[in-house]
Amino acid sequence: MRSNVSAELLVLRKRQATWVLLGIWAFMGIFFAYVIPYALDAEAAPRGLAQFLPQSLAGTLIEGFPFFGGVFALMLGVFALGSEYGWDTLKTLFVQGPSRGSLFASKLVALGIVLIAFVVVPFAAGAVASIVIAQIEGAPIVWPSAWLLLRTMAAAWLILAVWGALGVLLGVMTRGTSLAIGIGILYALVIEGLLSAFAQSVDVLEPLTQVFLRANGYSLAMALGASTQVIESNGPGSFGGPFVDSAQALVVLGLSIAGFLVLAGVLLRRRDLA
Amino acid sequence: MTMPRSTHDEHELVISTQALTKRYGDTIVAVDELALRVRRGEVYGFLGPNGAGKTTTLRMLVGLVRPTSGNATVLGAPPGAPEGLSRIGAMIEAPAFYPYLSGRDNLRVLARHARIDVGAQVERVLGQVGLGSRASDRTATYSMGMKQRLGVAAALLKDPELLILDEPTNGLDPAGMAEMRAFIRSLADGGRTVLLSSHLMGEIEQVSDRVGVIRDGRFVAEGTVGELRGRAGLRVRAEPPAQAAHLLAAMPEVEAVGGQNGLLEVVVDTAHAAAINRTLVHAGVAVSEIYAQTASLEDVFLELTATDGGAGS
């Protein structure tokens, strides 16, 4: 397994798309969480200037993960499996000896490891941005507790993992990348976005939205210090509730990951590679 | 022509299929109750026109495609089982690699998945296929022939007992094709079993110990190249032909005489050409032509794979 994971890490590490996605995601995360709102009017931010200082690092950064970060993780998941169909490299891998299940597992572990970078890099960049702002404002640098940071980063990884798993499933289902990314973004933007917006006026939709990735991702973020006002005004990723409790969010996200990956694994194992 | 070096013993079969069938929907039968038997140490040429079912058969043998019915054993294991695949090197259809990785890195990925010594094996197979100087270049920059060589290198990574190669000379120039054929032959001479699929008769003829010809998913012939060609004979043009035919038919060494338009087709060992010529001349028959003729594998192939509407394509 270790050898298989090492092979998959080489594939992901040397792929330009991995670094491009990581770079854009880190840049966007900082740009929309710090640069733009601070430059416009820091005092008008939901938590005022404190939102941009190191003490709010956890809550400020995780607000971007349930939607924007999710889209990047979705693309990464699609690339991890969908591209293999496009290049026909699955065929080359399958005849090397590892079982399909073991190969799939190694791809998932490698993807999970790469997603750690998709959490750590934005957090590191956010830390730098918050220090710069604190210096400009002459504010003291006070960090959140290590425990809060750890929990927030773990939650951020979980949120990315569920979107990555959806990307893996779509990549396997469509045996490619373009359609999979299209469907994934359509789901994230239109289905979850619009139905969540309608749910505020159509009661019957409310139970449905409570199992959406968006609702559960934001609910988890809320438990770690994210601002309701920021989430409600998060552009295409906005969400106005209803929120669920963090335990339910953890269960729904965990079950979603399991469901997506089991379905993808079954398809990968059972389908002919013709 | 080479001859098989092993006896037909069930225990020596490295590939054995029984009634192997693959259907797509209700109407398309890609492979139809195929009984393929490949013996240890031989180069088995799997010959057939495009669409005959060769690649589907190979895909079933390595577990990429599940048969609709029938069964197969490859190196004593079911197709696609890790214990079998670890001893098989395969290149099925066009070789496929990560375009952004170098040839060397592609092989490293495959070697890690196969859990073999990455460094030594990778360099060894790169050298074997003559790709050492371009191994650091991205495979997106490779020509078809170079990808083909890399595909063979990938198949050799595990130092396999059985090689399954699907059209390995595709995209190679004539010198490269000759080199590849010699290489494949040397692999078999080194004790490996090779299942070589191709639609190139010359390739199969020069390399294979035995040949199976497939059409519409079914075997239409199997045997050594010599057996498929049939026995050699003589073509004789003589005047008057009727007298010549009568004289030839009376010779004990002649098995049959046929022909038309003055050209007689004589089924006989070609070593008797001089005796036949002498007999006819002594009897006053004017012999203007006498020559040996053996059917080429291509003739046999075209005859075997001809459909009602003409030759198979």
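# A tour of chains A and B

Select chain A: among its contacts with a separation of 6 or more, 84% join residues 24 or more positions apart. Two residues count as in contact if their C-beta atoms, placed from the backbone, lie within 7 Å. The model is predicted, so local features need pLDDT of at least 70 and side-chain atom pairs count only at pLDDT 80 or more, while totals for chains, interfaces and linings use all residues. Residues are numbered from 1 along each chain as its sequence is written, and chains are lettered from A and ligands numbered from 1 in the order in which they are written.

**Chain A overall**

Colour chain A by secondary structure. The C-alpha atoms fill a box of roughly 60 × 45 × 30 Å along the principal axes. The radius of gyration of chain A is 19 Å, which agrees with the value near 19 Å for a compact globule of 274 residues. That radius is taken over C-alpha atoms, and the globule rule is 2.2 Å times the number of residues to the power 0.38. Of the 274 residues in chain A, 46% are buried. A residue is buried if 20 or more other C-beta atoms lie within 10 Å of its own, exposed if 12 or fewer, and partly exposed in between, with C-beta atoms placed from the backbone.

**Helices α7 and α10 of chain A**

Next, select residues 213-223 of chain A, helix α10, together with α7(A). Their axes come within 10 Å and cross at roughly 170 degrees. That makes α7(A) roughly antiparallel to α10(A). Axes are lines fitted to C-alpha atoms, for helices over the stretch in contact, and angles run from 0 to 180 degrees between N-to-C directions. Angles under 35 degrees count as roughly parallel, over 145 as roughly antiparallel, 65 to 115 as roughly perpendicular and the rest as oblique. Show side chains here: A:A155, A:I159, A:V162 and A:W163 in α7(A) meet A:L213, A:G217 and A:L220 in α10(A).

Follow the chain past α7 to A:R175, in the loop between α7 and α8 (178-199) of chain A. A:R175 is partly exposed, with 17 other C-beta atoms within 10 Å.

**The nonpolar cores**

A nonpolar core is a set of buried Ala, Val, Leu, Ile, Met, Phe, Trp, Tyr and Cys residues joined through C-beta atoms within 7 Å. The largest has 158 residues, and those touching the most other members are A:I159, A:L160, B:V62, B:A153, B:I164, B:V194 and B:L196. Helix α7 of chain A (residues 146-174) gives the most to this core, with 16 residues. Centre on A:I159: leaving out residues up to four places away in sequence, A:I159 touches A:F65, A:P66, A:G69, A:G70, A:G217, A:L220 and A:L253. A second, separate core of 13 residues includes B:V236, B:A244, B:L264 and B:I276.

**The interface**

Now show both chains. The contact takes 25 residues from chain B and 25 residues from chain A. On the side of chain B that touches chain A, α2 (82-85) and α3 (103-114) each supply at least two residues, and α3(B) gives the most, with seven residues.

**The six-stranded sheet of chain B**

Select the open sheet with strand order β6-β7-β8-β4-β9-β10 (chain B), whose pairing is mixed. Two strands pair if DSSP finds at least two bridges between them. At the edges are β6 (88-91) and β10 (218-223) of chain B, each pairing on one side only. The twist averages 15 degrees from one strand to the next.

Zoom to β9 (residues 210-215) and β10(B), which run antiparallel and are joined by five bridges. The bridge partner of B:V213 in β10(B) is B:A221. Helix α1 (residues 54-61) of chain B packs on the sheet, touching β4 (43-47), β7 (162-166), β8 (193-198) and β9 of chain B. Helix α6 (residues 174-189) of chain B also packs on the sheet, and its direction makes about 150 degrees with that of β8(B). In the loop between β9 and β10 of chain B is B:D216, with a positive phi of about 50 degrees although it is not a glycine.

**Last stops in chain B**

Strands β12 (residues 256-260) and β13 (residues 263-267) of chain B pair in the antiparallel sense over five bridges. B:V257 stands opposite B:V266 in β13(B). Two residues lie between the strands of this hairpin, where B:N261 takes a positive phi near 55 degrees.

Finish at B:P240, in the loop between β11 (233-239) and α9 (241-249) of chain B. The peptide bond from B:E239 to B:P240 is cis, with omega near -5 degrees.

Conventions: Helix = DSSP H or I, 4+ residues; strand = E, 2+ residues; numbered from the N terminus.
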